[in-house]
Amino acid sequence: MKRIVFATNNAGKAREVRRILKDTDAEVFVLKDIKLTSDPVENGATFAENARIKALDVYNRLKEKDDLENTIVMADDSGLTIDCLNGAPGVHSARFMGHDTSYELKNRAILELMEFVPEEKRGAAFVCHICAINEDGRIFDEEAEFRGAIAYEPDGNGGFGYDPIFWLPELGCTSGSLTEDEKNSISHRGKVLRKIKETLCQNQLL
């Protein structure tokens, strides 16, 4: 059986990955499952660069341990880009206001920044890039986005991160109000996971 090591310990992200890859002949592990620590400096200028930094760090650590057999390492970098803020917080989404700041406070801060921004200028997108590295060193990249807008108030108890303030006009709710299956069918991470799954299947790796 193929092993996928996804470079995260984020429980919400891990659930999404496992749900979307459940129909493949692969078992998904996160870092704590294999007792691996990885915290590289994410100094890339793009989501693609940061995803590759994270994937290569885990790949190289497993290579040092001679533990890459039947393994694909995956890492993602994702974030919220807001049109009227020139794409911010972007690649700094997780670090916005500091790693230890709760998303409740981060979301409130963004809403305060945009308090007087009219509806037609509140466009935003979630972007996700995945880098996958096969045991033989081949690298595959895919990226996808999820368009919406910034709400006026947080809403919804589902999802995680910025989901409660990400408004979906066509659905009349935030992504924080969606079920996991509903979100996975349209989200940036759902889209890019399906793309990377297709790419790996086409290369006969899954």
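A: The account below starts with the sheet and then turns to the helices and the cores.

This is a predicted model, in which local features need pLDDT of at least 70, side-chain atom pairs count only at pLDDT 80 or more, and totals for chains, interfaces and linings use all residues. Residues are numbered from 1 along each chain as its sequence is written, and side-chain values use heavy atoms, with hydrogens and water left out.

Helices (H or I, at least four residues) and strands (E, at least two) are DSSP runs, numbered from the N terminus. Two strands count as paired if DSSP finds at least two bridges between them. On these terms, an open sheet of 7 strands has the order 2-1-3-4-5-6-7, and its pairing is mixed. Strand 2 and strand 7 (173–174) are the edge strands, each of which pairs on one side only.

At one end of this order, strand 1 and strand 2 run parallel and are joined by 5 bridges. Here Phe 6 stands opposite Val 30 of strand 2. From strand 1 the chain passes through helix 1 to strand 2, a β-α-β crossover that is right-handed; that is, with the strands pointing away from the viewer, the path from the first strand over the helix to the second runs clockwise.

Buried means under 20% relative accessible area, exposed over 50%, and partly exposed in between (1.4 Å probe, protein chains only).

Strand 1 also pairs with strand 3, in the parallel sense and over 4 bridges; Arg 3 has Thr 71 of strand 3 as its bridge partner. Strand 3 is mostly covered, with 11 of its 12 residues buried. Strand 3 and strand 4 pair in the antiparallel sense over 11 bridges, and the partner of Val 73 in strand 4 is Ile 133. Further along, strand 5 and strand 6 (residues 166–168) run antiparallel and are joined by 2 bridges, with Ala 149 opposite Trp 167 of strand 6.

Helix 5 packs on the sheet and touches strand 1, strand 3, strand 4 and strand 5; its direction makes about 160 degrees with that of strand 5. Such axes are lines fitted to C-alpha atoms, for helices over the stretch in contact, and angles run from 0 to 180 degrees between N-to-C directions. Contact means heavy atoms within 4.5 Å.

Helix 1 (residues 11–20) has as its buried residues Gly 12, Lys 13, Ala 14, Glu 16, Val 17 and Ile 20. These residues pack against strand 1 (2–6), strand 2 (26–30), strand 3 (71–82), helix 4 (180–186) and helix 5 (188–202).

A nonpolar core is a set of buried Ala, Val, Leu, Ile, Met, Phe, Trp, Tyr and Cys residues joined through side-chain atoms within 4.5 Å. The largest one has 19 residues, and those touching the most other members are Ile 4, Ile 72, Met 74, Ile 130, Leu 193, Ile 196 and Leu 200. Strand 1, helix 1, strand 2, strand 3, strand 4 (123–134), strand 5 (139–150) and helix 5 each give two or more residues to this core, and its largest share, 4 residues, comes from helix 5. Leaving out residues up to four places away in sequence, the contacts of Ile 4 include Val 28, Ile 72, Met 74 and Leu 206. A second, separate core of 16 residues has among its members Met 114, Phe 146, Ile 150 and Ile 165.
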